[in-house]
Amino acid sequence: MSSISLSVHSTKYLIVAGARPNFMKIAPICRAFSSWQDSHPGAEVLLVHTGQHYSRNMSNDFFRDLGIPEPGINLEVGSGSHADQTARIMMAFEPVCLEHRPDWVIVVGDVNSTVACALTAKKLGIRVAHVEAGLRSRDMSMPEEINRLCTDAISDLLFTTDTIAVENLRNEGVVGEKIHFVGNTMIDTLCVQIDRARKLPLPDGLEPGQYAVLTLHRPANVDSPKQLARILSAINNIAERIPVVFPVHPRTAPRLDGMELHPQIRVVPPMSYLPFLSLVARAKMVLTDSGGIQEETTVLGVPCLTMRPNTERPITCEIGTNVLVGTDPQRIAKEAASVLDGRSRVGTIPEKWDGLAADRIVDVLLHQPSQGSSVECV
Ligand code: UD1
């Protein structure tokens, strides 16, 4: 990353980002490294974008909104099947590791880029730090659950967002020294950006508290036309009472062809970070199958109905505003009616979701003992 390059005798950190939900998680880590520059002039940081997401509105717009420096390297891997995409990331990332010889590779979240780069680095003897470790849905049909388990199993440092994640790792036998409960870097970004977001005008015709927001992109919900139609029948029902803004993920867009949508459902292209946060912050409720949105709504105090059978983020249901409603249309419509009738749950904000997670992470990283020459010859 051109803007955070420090001294010659350095500890080198390579930060990986690949897909849309990664960008909000790396932004505060990049910023925290910059702010530690004076006290730790030996830290050198390089940002690698795998190119898993590549469309302007899935990638570049987020870098702009979040002030993330240009990645030093873009692997430009693009889309593909799981094996194809994961393999291409690994093949493109290995020479980067060999050339730059980082001391640490920092991966975030649970996307294919996360596991691909963790595995590549670890097999070269490079230490790996996983940010957002320990989340578990216990649902092995989710590609992300496999990515989470594999990444955590080989990481040297596991940074967790909550105490449930700490417990999950302990139960899997991870030694305590590896685990650091630091808070949530996605929420760090929200804390930095929320004032800007709230100043943005809402799209034409929308009034605060008088619209819902919908996101849908999980393969389990959108890849089968029958399942997608079931979920949309519930949304059509909700749209009888309130306008629903639906920024459509590129995975979902082609699958909407021929689906019946209520005229009060406003289908729009994927939105970049600030306009989306602005929309969610003033919504009456959010209906989603995303992971991160469950957390953001909890912090914003906005009711969230998660249309999945399980969640890797149970803390948002235990103390936040999230309700796991599954994918049965009647249940979705019933829970939405409760919110619209003013019976939404009041949540609290999880411990350490205070905007300082990235500082804690960088503090831990900068105080790790050095390992000497880390990259083995292949
Ligand atoms: C990926 C992550 C998922 C995350 C989601 C957020 C994995 C296994 N999945 O799923 O955890 O919640 O990102 O968006 O890593 N496409 C574009 N432009 C892009 C990227 C994708 O048009 O910039 C289209 C392509 O047709 C592609 C499809 O979207 O085939 C799906 O993209 P992919 O990265 O495979 O998975 P996501 O569903 O985005």
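## Largest pocket

The lining of the largest pocket comprises 20 nonpolar, 17 polar and 10 charged residues (Ala, Val, Leu, Ile, Met, Phe, Trp, Tyr, Cys and Pro count as nonpolar, Asp, Glu, Lys and Arg as charged, and the others, Gly among them, as polar). The model is predicted: local features need pLDDT of at least 70, side-chain atom pairs count only at pLDDT 80 or more, and totals for chains, interfaces and linings use all residues. Residues are numbered from 1 along each chain as its sequence is written, and side-chain values use heavy atoms, with hydrogens and water left out.

The volume of the largest pocket is about 1000 Å³. Among its 47 lining residues, P21, H53, M58, H217 and H249 are the closest to the centre. A pocket is an open set of points, on a 1 Å grid over the protein atoms alone, with protein on both sides within 12 Å along at least five of seven lines; a cavity is a set where a 1.4 Å probe fits but cannot get out, and lining residues have an atom within 4 Å of a point. Grid points are joined across faces, edges and corners, and a volume is the space filled by probe spheres set on the points.

At least two lining residues of this pocket come from each of α1 (20–35), α3 (82–100), α5 (143–154), α10 (273–281) and α11 (292–300). Helices (H or I, at least four residues) and strands (E, at least two) are DSSP runs numbered from the N terminus.

## Ligand site

The largest pocket holds the ligand (more than half of its atoms lie within 2 Å of the pocket's grid points). Around the ligand are 17 residues, of which Y54, S55, E144, H217 and R251 come nearest (a residue is near if one of its heavy atoms lies within 4 Å). This shell has five nonpolar, nine polar and three charged residues.

Oxygen atoms of the ligand lie 2.5 Å from a polar side-chain atom of E144, 2.8 Å from a backbone N or O atom of Y54, and 2.8 Å from a side-chain N or O atom of H249. On its own the ligand has 740 Å² of accessible area, and the protein covers 84% of that (Shrake-Rupley method, 1.4 Å probe).

One cavity of 30 Å³ or more is present, and the largest cavity contains about 40 Å³ of space. Its lining consists of K25, V131, E132, F159, T160, T161, V182, G183, N184, T185 and I361. Two or more of these residues come from each of β5 (127–133) and β6 (157–160). By class, the cavity lining has four nonpolar, five polar and two charged residues.

Methods
A polar contact is a pair of N or O atoms within 3.5 Å; within protein, one must be able to donate a hydrogen and the other to accept it, and residues adjacent in sequence count only if both atoms are side-chain atoms.
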